[in-house]
Amino acid sequence: MNFYSTNNPDHQVSLKDAVIKGLAPDQGLYMPVAIPMLSQSVIDNLHKMSFQEIGYEVLGALFEDQLEPEQIKTLVDHTLAFDAPLVEIEEGIYSLELFHGPTLAFKDFGARFCSKLMSILMEEESQQVKVLVATSGDTGSAVANGFYKVPGVEVIILYPKGKVSDLQEKQFTTLGENITALEIDGVFDDCQKLVKEAFLDEELNSKLILTSANSINVARWIPQCLYYFYAYSKLDKAGKKLAVSVPSGNFGNLGAGILAERMGLPIDTFIASTNVNRVVPAFLEGGRFESQASIPTISNSMDVGNPSNFYRLLALYDNDESLFREKVKGFYFDDHHTRDAMITVYHQSKYIMDPHGAVGYLGLRNFRKQFPDEYVGIFLETAHPGKFRETVEHALNLTIELPERLAAFMDGEKQALPLENDFEAFKSYLLK
Ligand SMILES: *Cc1c(COP(=O)(O)O)cnc(C)c1O
């Protein structure tokens, strides 16, 4: 299956080009030219399949003309190396825990898949690909850990000196091997600017294969559809309809759920749950899509005022806004509501939600209130509560144990290369 640009359906490229370029040259997002439909018997048999078997089936349908079956198997086995348990926390409300990967957030799925796919696609090339990533914290850790020791790929992470938490910094500066961290004397925007300049620099691009692994890359986006299938396979709907609530920022995760639904997965309603950065809920209520400056919240990985995947969502509904509004319901919540939900759920069920998952839970609870007994619901728990330790400990008045694999990073030794905030310095580093 080839990919087209949302800005020009006639611009079509192979999987390899879509992955190595990331963004289309016309700044559009790459989308599958045709979305394959799974047969009813596959859907009916999902509950008999393992997470990996579901992966072979779904990715096989998507990529059969671009990848060999063994390559698909390698990709799936590398990506789905940890579980995504579905936990019932109240009657009819399930938490899909996506935080059991190395950096304790759902971005591990996309980052692991992206790294392995790049390495497969670059196998025949003699040159290594260099992945440039600017990070304010979380993306750097997911990408560094996803690409760690993956052959044929070198990762260069630019992060603002003194502006990321100790734990975040340790997660991408202690690995070594094919991961290099550049500590830039500047802020996040400076890091992003250096990366953008590198992609535009003719000399660099003639000598090196540069790519990005940001969240709009199809290789990070598409694999996220797998855990929707897996969650469905584990669920007992008891004859009811299914609603899935996705705590959202850039809307890649929700888009992957819609992709699963378009491939035949019976999800009746999606809930786009956000914090006060409510551009998409405002659109779903009938407004226009208008970006805003982002507002800081306690669910800070969703503080996005201009969600880059919006046009991808619209494309999944064939650019039919009324169909989009019919299938996806929007809700937004402020920090006060989010903390209250964390407290209530903890007291009622002893279940600890992180602030992002709590926003997803709230969207689901508010939606279900309108339809008593009609729906069972799943919300995506996108991060381990230990990642947002201060907020969670403060709200719930308890101490959270940092999982061992995260605590282990704190023992590693930071190896970062200090670099001034200057493009020529960055360029000569890349060329040396
Ligand atoms: C990135 C992130 C989100 C938002 O996901 P999108 O795909 O950008 O909508 C939600 N929760 C956590 C913990 C995240 O890191």
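**Briefing**

Ile-184 has Leu-419, a residue of strand 14, standing opposite. Helices (H or I, at least four residues) and strands (E, at least two) are DSSP runs, numbered from the N terminus. This is a predicted model, in which local features need pLDDT of at least 70 and side-chain atom pairs count only at pLDDT 80 or more, while totals for chains, interfaces and linings use all residues. Residues are numbered from 1 along each chain as its sequence is written, and side-chain values use heavy atoms, with hydrogens and water left out.

- Five strands form an open sheet in the order 9-6-7-8-14, with parallel pairing; two strands pair if DSSP finds at least two bridges between them.
- Strand 9 (209-212) and strand 14 (416-419) are at the edges with a single partner strand each, so one side of each has no neighbour in the sheet.
- On average, neighbouring strands of this sheet are turned by 30° against each other, direction ignored. Axes are lines fitted to C-alpha atoms, for helices over the stretch in contact, and angles run from 0 to 180 degrees between N-to-C directions.
- Four bridges link strand 8 (residues 179-184) to strand 14 in the parallel sense.
- Helix 6 (residues 138-147) lies across strand 6 (129-134), strand 7 (153-160) and strand 8, at about 160° to strand 7.
- Helix 8 (residues 188-200) packs on the sheet and touches strand 6, strand 7, strand 8 and strand 9, where contact means heavy atoms within 4.5 Å. The direction of helix 8 makes about 150° with that of strand 6.

- Six strands form an open sheet in the order 4-5-13-10-11-12, with mixed pairing.
- Strand 4 (86-90) and strand 12 (328-332) stand at the edges, each with a single partner strand, and therefore one side of each is left without a neighbour in the sheet.
- Strand 4 pairs with strand 5 (residues 93-97) in the antiparallel sense over four bridges.
- Leu-86 has Leu-96 as its bridge partner in strand 5.

**The ligand**

- The ligand is surrounded by 14 residues, and the closest are Lys-107, Gly-249, Asn-250, Phe-251 and Thr-382; a residue counts as near if one of its heavy atoms lies within 4 Å.
- Lys-107 places a polar side-chain atom 2.5 Å from an oxygen atom of the ligand. A polar contact is a pair of N or O atoms within 3.5 Å.
- A backbone N or O atom of Asn-250 is 2.8 Å from an oxygen atom of the ligand.
- A polar backbone atom of Phe-251 lies 2.8 Å from an oxygen atom of the ligand.

Notes:
A polar contact is a pair of N or O atoms within 3.5 Å; within protein, one must be able to donate a hydrogen and the other to accept it, and residues adjacent in sequence count only if both atoms are side-chain atoms.
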